[in-house]
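Student: Please pick one part of this model and go through it closely. I would like a connected account with the cut-offs stated.

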Amino acid sequence: MKDDCIFCKLANGVFDTNTLYEDDDFRVIFDAAPATVGHVLILPKEHYANVFEMPEELIGKAYKLAQNVAKVLDEITDCEGINILQNNGEMAGQTIFHFHIHVIPRYNKSDMLMWKTQEPDQEAIDSIINKAQELF
């Protein structure tokens, strides 16, 4: 646990939370500033700033848990869809640098997560594919 990390403290019970689920590795809490009713955060109890720092086995456990949480929320909330969202870095929208997954029930088109689409850049795509083949 990192002493100056609010999510470490929330994940490890230093502060009271509305906890939906807890196991040895994770705590699932309701977001303090939710996008919709039922918006929860999956927090690992160990500190990892982002997905790049997480051990592969723990990432697998986190996303399996996200699937289970999504199923439970879908059953309970009568939502029409669910976002499972994880941000890495400030430019991606990460504001607290402790790995976490948002599970957000969606109820109508007005609360949908949207982004502006653009035309694909084939030259950039080809370059990424070529460079990635060396890294996999």
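Tutor: Strand 1 and strand 2 run antiparallel and are joined by 3 bridges; two strands count as paired if DSSP finds at least two bridges between them. The model is predicted, so local features need pLDDT of at least 70 and side-chain atom pairs count only at pLDDT 80 or more, while totals for chains, interfaces and linings use all residues. Residues are numbered from 1 along each chain as its sequence is written, and side-chain values use heavy atoms, with hydrogens and water left out. Helices (H or I, at least four residues) and strands (E, at least two) are DSSP runs, numbered from the N terminus.

Within this pair, Tyr21 is opposite Val28 of strand 2. A polar atom of the Asp23 side chain is 2.7 Å from the backbone nitrogen of Phe26.

Now to helix 2. Helix 2 covers residues 56-77, 22 residues in total, and spans 31 Å from first C-alpha to last, close to the expected 32 Å; the expected span is 1.5 Å times one less than the number of residues. Its buried residues are Leu58, Ala62, Leu65, Ala66, Val69, Ala70, Leu73 and Thr77. Viewed down the axis of helix 2, the buried residues lie within an arc of 150°, so they line one face; the arc is taken over the directions from the helix axis to the C-beta atoms. An α-helix has 3.6 residues a turn, so residues three or four places apart point the same way. Glu56, Glu57, Lys64, Lys71 and Glu75 are exposed on the other side of helix 2.

The buried residues of helix 2 pack against strand 1 (19-22), strand 2 (26-30), strand 3 (40-44), strand 4 (81-85) and strand 5 (101-106). Val69 shows this in detail: leaving aside neighbours within four places in sequence, Val69 is in contact (heavy atoms within 4.5 Å) with Leu20, Val28, Val40, Ile42 and Val103.

The largest nonpolar core has 16 residues, of which Ile42, Val69, Ile101 and Val103 touch the most other members. Such a core is a set of buried Ala, Val, Leu, Ile, Met, Phe, Trp, Tyr and Cys residues joined through side-chain atoms within 4.5 Å. Helix 2 supplies the largest share of this core, 7 residues.

Terms used. Buried < 20%, exposed > 50% of the residue type's maximum accessible area, 1.4 Å probe, protein only. Polar contact = N/O pair within 3.5 Å; in protein donor to acceptor, adjacent residues only side chain to side chain.
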